[in-house]
Amino acid sequence: MSSREHAAVAESVVTGPVAESVGTSALGSSTLGPSSATGRMGPSVVALPGPQSGKLDRQVFDGGGKGLFRALSSPSEFSALPALKEVSGLEAWKLFRVKVNLCGSVVFNFGECIMRPRGVMLCTSYPVVYELYNQEIQAKHATLQEVLQFIGDNRQAGASLDAVAEEVVHMAANNIFRPLPPTSSAAVAAAALQTLVEDDLDCALDPVYVAGWLHLQLVYEIFLTLIVSPCLGSKTSKRLVDQNFMLRLLALFSSEDVREREYLKTITHRLYGKVTLMRSFIRKSIENIFVLYIEDHFVKSGVSELLEILGSIINGFAQPLKDEHLQFLHRCMIPLHKAKNVIAFHQQLSYCMVQYVEKDCRLATPIILGILKYWPISNTPKEVLFINEIEDILDVVTPPQDILLPLFKKLSQCIKSPHFQISERTLFLWNNPKIIKLVNQNKQALYPIVIAALQNNTQSHWNFTVHSLSFNVSKLLAEADPRLYAQCTEELTSIEEPAECRRRDDDRWKLFFECR
């Protein structure tokens, strides 16, 4: 099609008698109708009959909540429409808009059904009703597939696609925006296991899946295909996606289904790149979500996906960083380290911290002090992750000496830790050439701290591997500066001698009193 033909199709799609054709031929005037002057269909929920009713009916709720009944044996609205491949040109776009409005108007309630293999919906009561209901679901599924195929084939349609973009967004909103169920016991158990169990425990739980994913996946694909279309400009995206839409979209990150969160992550990132005027609002909305998560400490899914989005956003920050970006770091990014289930999203959080340090090396000071502030006491997996994060930061930047002293004091405590995993992971830091160089550059301040912990391990640590690693690190330090190493060792010996003398005196007095 030429640009002039596309414009003619777009004008006819907007002004054509779509509402009338939907109301008379496809849907029936008594079931669904326009909810506004624009001819847009209002959302309707098709619910299953309750166990107290024996009628072979389904209930259709319109936007006002009034129930309307129609026998299941009547023709399906979806199957009454012709296929999109059977028409072309202007009629194809008209039929496309009809199908999109129909998919946005009829929303099935999957909550009262049990999903069996191969998509068969069954129930202990009224199996015939549920079989007919499943046929309706399959008909909408086929219609959604048609819509997805059509919008994928016509993503270069220009004005025609831009004209129906509002209907597509409205259809997606009616299908994906829904009240999420309460957090399941599986998610609560998973969060508890992440903080309590050890790595050698097998604690796999069954994943949680959203009911109705049969339709939701296609709706997300349709919406994503529209967003990534090059013909959909930023002005149209700004008109269709407002602040209320973004808030409802971000609220869906609480879904326990990881498949849905992956779609939401991709869609949010695409919208952030396309709707430039919404970027500040998206960042502040994510910040508010994190603050609520930090303060309330409730189990919440989607934090890792939001951090993945932020990692890409931080990577694109201009230098020098704005005060808004610094406030975001201090207000919610650093305090996320104190979350009980930080293990679930620590990899993404560590990546964001490294991105901030790469943008401004001076931010290493507040980030390291924040990590030390929220350093765990009796959580071994979390402590190992914090050591990994410290190594990632030290790979990028060399912090000032006033930060190195408290940092290596904490690392010396980790070296002496009775838990062999913590001690091993800390000693493995000396496999990193940058950390060896950092210690040698500040050896006057760091050698006494590190050597004291190494001497303690070589003399009294119970684990053979830790004992060997401590000896190897001591050898590296001795080869780097033999004089300073000998001086630190002598000072440690002089400090230990009075304590040894007191111990011998106590033993003699104890023997004296026993002899009496």
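Tutor: Let's begin with a pair of helices, H11 and H13, whose crossing is right-handed. Their contact has Val 258, Arg 261, Glu 262, Lys 265, Thr 268, His 269 and Tyr 272 on the H11 side, and Glu 305, Glu 308, Ile 309, Ser 312 and Ile 313 on the H13 side. Sorted by class, that makes four nonpolar, three polar and five charged residues. Keep in mind that this is a predicted model.

Now for the geometry of that pair. Two packed helices are described by the angle between their axes and the distance between the axes. H11 covers residues 258–274, and its axis comes within 9 Å of the H13 axis, crossing at roughly 25°. Angles under 35 degrees count as roughly parallel, so H11 is roughly parallel to H13.

H13 has another partner to look at, helix H12. H12 takes in residues 279–296 and H13 residues 303–315. Here the axes are 11 Å apart, and the helices pack at an angle of about 140°. Over 145 would count as roughly antiparallel, so this pair is oblique instead. The crossing of H12 and H13 is left-handed. From H12, the residues taking part are Arg 283, Ile 286, Ile 289, Phe 290 and Tyr 293; they meet Val 303, Leu 306, Leu 307, Leu 310 and Ile 313 of H13. By class, this contact holds nine nonpolar residues, no polar ones and one charged. Notice Ile 313: it is listed in the contact with H11 and again in the contact with H12.

Stay with H12 for a moment and find Ile 282, which lies in that helix. Ile 282 has a relative accessible area of 1%, so it is buried. Leaving out residues up to four places away in sequence, Ile 282 touches Met 246 and Tyr 272.

Next, follow the chain past the end of H13. The loop between H13 and helix H14 (323–333) contains Pro 320. A cis peptide bond joins Gln 319 to Pro 320, with omega at about 0°. As background, most peptide bonds are trans.

For another pair to set beside these, look at H6 (residues 159–176) and H8 (residues 213–227), whose axes come within 10 Å and cross at roughly 150°. That angle makes H6 roughly antiparallel to H8. H6 passes H8 in a left-handed crossing. H6 brings a set of residues that includes Leu 161, Val 168, Met 171 and Asn 175, while those from H8 include Leu 216, Tyr 220, Phe 223 and Leu 226. This contact divides into 13 nonpolar residues, one polar and no charged.

Finally, step back to the chain these helices belong to. It has 23 helices and six strands. Of its 516 residues, 47% are buried. Among contacts between residues at least 6 apart in sequence, 72% join residues at least 24 apart. The chain's accessible surface comes to about 25,900 Å², and carbon and sulfur atoms account for 55% of it.

Conventions: Residues are numbered from 1 along each chain as its sequence is written. This is a predicted model: local features need pLDDT of at least 70, side-chain atom pairs count only at pLDDT 80 or more; totals for chains, interfaces and linings use all residues. Side-chain values use heavy atoms; hydrogens and water are left out. Axes are lines fitted to C-alpha atoms, for helices over the stretch in contact, and angles run from 0 to 180 degrees between N-to-C directions. Helices (H or I, at least four residues) and strands (E, at least two) are DSSP runs, numbered from the N terminus. Angles under 35 degrees count as roughly parallel, over 145 as roughly antiparallel, 65 to 115 as roughly perpendicular and the rest as oblique. A crossing is left-handed if the near helix is turned anticlockwise from the far one by less than a right angle, and right-handed if clockwise. Contact means heavy atoms within 4.5 Å. Ala, Val, Leu, Ile, Met, Phe, Trp, Tyr, Cys and Pro count as nonpolar, Asp, Glu, Lys and Arg as charged, and the others, Gly among them, as polar. Buried means under 20% relative accessible area, exposed over 50%, partly exposed in between (1.4 Å probe, protein chains only). Accessible areas come from the Shrake-Rupley method with a 1.4 Å probe; for residues, only the protein chains shown count as cover.
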